[in-house]
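Colleague: Before I use this model, I would like to go through the labels attached to it and hear what each of them rests on.

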Amino acid sequence: MQEEANMTSVPEVAPNATAQEILRLGVTAAQGPVKLACSFSLEDVAIIELAREASLEVGVFALDTGRLNEETYEVADAITERYRIKIDWYFPRHEAVEKLEREKGLFSFRESLDNRHECCHIRKVEPLGRALKELSGWVTGLRREHSVTRTDLKAIELDTLNGGIIKINPLLDWSEAQLLDFATERRLPQNRLLKQGYRSIGCAPCTRVVQPGEDARAGRWWWENPEQKECGLHRR
């Protein structure tokens, strides 16, 4: 599918386009199978809701890094129950995880940026590559408001690092308040950690409560500088 997607052009998105309109434009432009990369965040659940409401064919896949919170799995279960959907799970290569932990221990990612990138590559980036291999497009829950690393994103773009497939970011311009209002109105499944102050939830040892005045992703890899806080899934 990715070779065909190389010929795909990115559709023009109107400045006032709704998330659902962006989603529909992207799915149409992909001209093939499209799936949501679901981390079971509130953003991802909102996208599933919007896709279902618009009767769009958007599948769902998830990356099980082996270090997710129990509360994250609870959201996955709630989504499966509510929407009656199949989640395609992808896991790290066990040989790579075994080698990493035997040679560098369980918390090597806190020792240096290179070590953290290595861990993220094994647990997230490599499985993502397998998940995207047969797709013409993928959907993310990225929002510009998340952090300084996401301010220049586009609603629909070509993912040149993953075969030139369509990448759709329908919630790009949503605010956190808008997202919370939508989730409350629709009674969407929510991670229990959100009410405890976790505003962005990843692997358990790399996520902490966000302090007052901090941005939403301040609790991710809190020992690093803001401009470094990406795992490699959204390389540019």
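The conversation below takes the labels one at a time.

Modeller: This is a predicted model, in which local features need pLDDT of at least 70 and side-chain atom pairs count only at pLDDT 80 or more, while totals for chains, interfaces and linings use all residues. Residues are numbered from 1 along each chain as its sequence is written, and side-chain values use heavy atoms, with hydrogens and water left out.

Colleague: Why is helix 3 called roughly parallel to helix 4?

Modeller: Helices are DSSP runs of H or I with at least four residues, and strands are runs of E with at least two, numbered from the N terminus. The axes of helix 3 (residues 42-53) and helix 4 (residues 70-83) come within 12 Å and cross at roughly 10 degrees, where axes are lines fitted to C-alpha atoms, for helices over the stretch in contact, and angles run from 0 to 180 degrees between N-to-C directions. Angles under 35 degrees count as roughly parallel, over 145 as roughly antiparallel, 65 to 115 as roughly perpendicular and the rest as oblique, and helix 3 is therefore roughly parallel to helix 4.

Colleague: Which residues make that contact?

Modeller: With contact meaning heavy atoms within 4.5 Å, Val-45, Ile-48, Glu-49 and Arg-52 take part from helix 3, and Val-75, Ile-79, Arg-82 and Tyr-83 from helix 4.

Colleague: What makes Thr-207 buried or exposed?

Modeller: Buried means under 20% relative accessible area, exposed over 50%, and partly exposed in between, using a 1.4 Å probe and protein chains only. Thr-207 has 7% relative accessibility and therefore counts as buried. Thr-207 lies in the segment after helix 7 (176-186), and its contacts, not counting residues up to four places away in sequence, include Tyr-198, Gly-219 and Trp-222.

Colleague: How do you know whether Trp-221 and Ser-55 are buried or exposed?

Modeller: Trp-221, also in the segment after helix 7, has a relative accessible area of 2% and is therefore buried. Ser-55, in the loop between helix 3 and strand 2, has 66% relative accessibility and so counts as exposed.

Colleague: What is the phi of each of these two residues?

Modeller: Most residues other than glycine have a negative phi. Ser-55, although not a glycine, has a positive phi of about 55 degrees, and Trp-221, not a glycine either, has a positive phi of about 45 degrees.
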